[in-house]
Amino acid sequence: MEMRAKDALVVVDVQSDFLPGGAIAVRGGRQIVPRLNAVIEAFAKDSRAVFFTRDWHPPDHVSFEGNGGMWPRHCVRDTPGAEFDSELRIPETATVISKGTEPRLEAYSAFSGTGLEKVLSDSGVARVILGGLATEYCVKETAVDALRFGFAVVVLKDCVMGVEHERGDSERALEEIISRGGRLITSVDFLSETAS
Ligand SMILES: [Zn+2]
């Protein structure tokens, strides 16, 4: 119970532009939504902290092709592509973290320019539970930052999915998270491990 109270769930970038039909579609990305919903439900049920991150870019963001970046235009703030997936369960008590809001700054990590580290520390969070999109970019960078800030990190391995520009990118990202001290577990095992 003590450990559970110190957990925060961080759901990374489950937005239309990262799902099939979107600007940077992660193939099979929708498969993770019902699994994430089960974990979100469990956290919401006993008032554990839940955060949803979103790419929330200005129209001229530096990460876009044409502005020096490597990505097609995506997740422009207040456009349909930036919306959370309509199937994603978002409890009223959840906190939304917008990132990549500055025109000149890229922000893969949920900690990048968002103040999340302080929010988590101030609320006594010791362990960050992670799922979302995409494994080798925003999920990985969020995990690496969380570990760097001294949080324990658990990645729900069936609740993440990668872009896979190069085959194996997701696998390598997960291996890197493990090598830095993170842990991988399925959402089912996590839920049974932390069941009340
Ligand atoms: Zn972006």
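Begin by selecting R27, which is exposed because 12 other C-beta atoms lie within 10 Å (a residue is buried with 20 or more other C-beta atoms within 10 Å of its own, exposed with 12 or fewer and partly exposed in between, C-beta atoms being placed from the backbone). This is a predicted model, in which local features need pLDDT of at least 70 and side-chain atom pairs count only at pLDDT 80 or more, while totals for chains, interfaces and linings use all residues. Residues are numbered from 1 along each chain as its sequence is written.

R27 is found in the loop between β1 and α2, where helices (H or I, at least four residues) and strands (E, at least two) are DSSP runs numbered from the N terminus.

Centre the view on L130, which touches, among others, V10, V12, V139 and V155, leaving aside residues up to four places away in sequence (contact requires C-beta atoms, placed from the backbone, within 7 Å).

Now select α5, residues 169–179, in which S170, A173, L174 and I177 are buried. Seen down the axis of α5, these buried residues fall within an arc of 95 degrees, so they line one face of the helix, the arc being that of the directions from the helix axis to the C-beta atoms. On the other side of α5, E175 and S179 are exposed. The buried residues of α5 pack against α4 (135–148), β5 (152–161) and β6 (183–185).

Show α4 beside α5: the two pack at an angle of about 5 degrees, with their axes 9 Å apart, where axes are lines fitted to C-alpha atoms, for helices over the stretch in contact, and angles run from 0 to 180 degrees between N-to-C directions. The helices α4 and α5 are therefore roughly parallel to each other, a term for angles under 35 degrees. At this contact, T135, E136, K140 and A143 in α4 meet residues of α5 including D169, S170 and E176.

Finish just after α5, at G181, which takes a positive phi of about 110 degrees.

Note on methods. Contact = placed C-beta atoms within 7 Å. Parallel < 35°, antiparallel > 145°, perpendicular 65-115°, else oblique.
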